[in-house]
Amino acid sequence: MNLLLLGGTRFLGRHLVEAASARGHRVTTFTRGRSVLAVAGAESLRGDRDPRIDDGLAALEGRRHDAVVDLSG
């Protein structure tokens, strides 16, 4: 499964990234870049939901995911 996590570098997200990666899923985190999470096999993208901040959602353009989990709240 190709999994996108909005947020995912702290709290519950960190554990979800590690568990999904360990099960062989392709994991991508999309964060503002304030915290760094290095998990083997996980890809980290930087951006913001607000298109006026940095490059907004540009890092996600042209990508497809099977599921999205929003952990940023």
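Which residues of S1 lie on one side and which on the other, and are they buried or exposed? I looked up both faces: Asn2, Leu4 and Leu6 are on one side, Leu3 and Leu5 on the other, and all are buried. Buried means under 20% relative accessible area, exposed over 50%, and partly exposed in between, with a 1.4 Å probe and protein chains only.

**Basis.** The model is predicted, with local features needing pLDDT of at least 70 and side-chain atom pairs counting only at pLDDT 80 or more, while totals for chains, interfaces and linings use all residues. Residues are numbered from 1 along each chain as its sequence is written, and side-chain values use heavy atoms, with hydrogens and water left out.

**Strand S1.** I noted that S1 covers residues 2–6 and that five of its five residues are buried. Strands (E, at least two residues) and helices (H or I, at least four) are DSSP runs numbered from the N terminus. In a regular strand the side chains alternate between the two faces of the sheet. I then listed the partners of S1, where two strands pair if DSSP finds at least two bridges between them. S1 runs parallel to S2, with five bridges, and Asn2 stands opposite Arg26 there. S1 also runs parallel to S4, with four bridges; Leu3 has Ala67 as its bridge partner in S4. I recorded a right-handed β-α-β unit made by S1, H1 and S2. Right-handed means that, with the strands pointing away from the viewer, the path from the first strand over the helix to the second runs clockwise.

I found Leu16 in helix H1. Leu16 is partly exposed because its relative accessible area is 27%. Beyond its neighbours within four places in sequence, Leu16 is in contact (heavy atoms within 4.5 Å) with Leu5, Val69 and Leu71. The C-alpha atoms of Leu16 and Leu5 are 8.9 Å apart, at a separation of eleven residues in sequence.

Leu71 sits in the segment after strand S4 (67–70). At 26% relative accessibility, Leu71 is also partly exposed. Leaving out neighbours within four places in sequence, I listed contacts of Leu71 with Leu5, Leu6, Gly8, Leu12, Gly13 and Leu16. From Leu71 to Arg10 the C-alpha separation is 9.1 Å, across 61 residues of chain.

**Ala42.** I placed Ala42 in strand S3 and read a relative accessibility of 23%, so Ala42 counts as partly exposed. Apart from neighbours within four places in sequence, Ala42 is in contact with Val17, Ser21 and Val27.

**Asp54.** I checked backbone angles and noted that Asp54, not a glycine, has a positive phi of about 50 degrees. Most residues other than glycine have a negative phi. Asp54 is in the loop between S3 (42–46) and S4, and is partly exposed at 47% relative accessibility.

**Largest pocket.** I read a volume of about 480 Å³ for the largest pocket. A pocket is an open set of points on a 1 Å grid over the protein atoms alone, where a 1.4 Å probe fits, with protein on both sides within 12 Å along at least five of seven lines; lining residues have an atom within 4 Å of a point. The volume is the space filled by probe spheres set on the points. The lining has 20 residues, and Gly7, Gly8, Thr31, Arg32 and Ser72 lie nearest the centre. H1 (11–22) and S2 (26–31) each supply at least two lining residues; H1 has the largest share, three residues.
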